Amino acid sequence: MCVCVEIYVRGRVQGVNYRAFTQEAAKRLGLSGYCRNLPDGRVEVRAEGERDLIENLIERLRVGPSRARVDDLEIVWKPAENTTGEFSIRYD
């Protein structure tokens with residue numbers, strides 16, 4: 001079943017390759033969506049795809065790349081919006 005999730009990652013997650021790590025993991029899992037830095041220091045991740053694949057992504061995000069320190073994930077499940085396409089890094 002296709003679902004959508006918004007994840008807010010708190011910790012040392014900016015300037016440590018976290019977005020590129022997230023994009024690579026999501027692409028390998030075949031998920032669509034995006035990630036971006038937020039002004040408050042968190043990273044926002046929005047992903048859509050099969051629930052088990054998203055749960056796999058969440059487990060990877062809990063660890064992150066080697067220079068990151070993940071303190072907390074806020075996870076908000078939503079109905080799928082049936083978006084398709086690549087998983088991108090947003091710079092807005």
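## Exercises on a predicted model

Arg42 sits in the loop that links strand S2 (32-37) to strand S3 (43-50); strands (E, at least two residues) and helices (H or I, at least four) are DSSP runs, numbered from the N terminus. A word on the ground rules: this is a predicted model, where local features need pLDDT of at least 70, side-chain atom pairs count only at pLDDT 80 or more, and totals for chains, interfaces and linings use all residues. Residues are numbered from 1 along each chain as its sequence is written, and side-chain values use heavy atoms, with hydrogens and water left out.

### Exercise 1: Arg42 and Glu44

Work out whether Arg42 is buried or exposed, and find its side-chain polar partner. Then do the burial and the polar contacts of Glu44.

Solution. 
- Step 1: start with accessibility. Buried means under 20% relative accessible area, exposed over 50%, and partly exposed in between (1.4 Å probe, protein chains only). Arg42 has 16% relative accessibility, so Arg42 counts as buried.
- Step 2: look for polar contacts, that is, pairs of N or O atoms within 3.5 Å; within protein, one must be able to donate a hydrogen and the other to accept it, and residues adjacent in sequence count only if both atoms are side-chain atoms. The Arg42 side chain makes one with the side chain of Asp40, at 2.8 Å.
- Step 3: list contacts (heavy atoms within 4.5 Å). Beyond four places in sequence, Arg42 touches residues including Tyr8, Arg10, Arg36 and Glu74.
- Step 4: move to Glu44, in strand S3. Glu44 is buried because its relative accessible area is 4%. Its side chain makes polar contacts with those of Arg36 at 2.5 Å and Tyr34 at 3.5 Å.
- Step 5: check the wider surroundings. Not counting residues up to four places away in sequence, Glu44 also touches Ile7, Tyr8, Cys35 and Leu38, among others.

### Exercise 2: the faces of H1

Which residues of H1 are buried, and what do they pack against?

Solution. 
- Step 1: get the helix's dimensions. H1 (residues 18-29) has 12 residues and spans 17 Å from first C-alpha to last, close to the 16 Å expected at 1.5 Å a residue; the expected span is 1.5 Å times one less than the number of residues.
- Step 2: pick out the buried positions: Tyr18, Thr22, Ala25, Ala26 and Leu29. Down the axis of H1 they fall within an arc of 95 degrees, so they line one face of the helix; the arc is that of the directions from the helix axis to the C-beta atoms.
- Step 3: recall the geometry. An α-helix has 3.6 residues a turn, so residues three or four places apart point the same way.
- Step 4: find the partners. The buried residues of H1 pack against strand S1 (2-12), S2, S3, helix H2 (51-63), strand S4 (69-79) and strand S5 (87-89).

### Exercise 3: cysteines

How many disulfides are there?

Solution. 
- Step 1: apply the cut-off, a pair of cysteine sulfur atoms within 2.5 Å. The count is 0 disulfides.
- Step 2: Cys35 is in no disulfide, and the nearest cysteine sulfur, that of Cys4, is 14 Å away.
- Step 3: Cys4 is buried at 1% relative accessibility, and Cys35 is buried at 0%.
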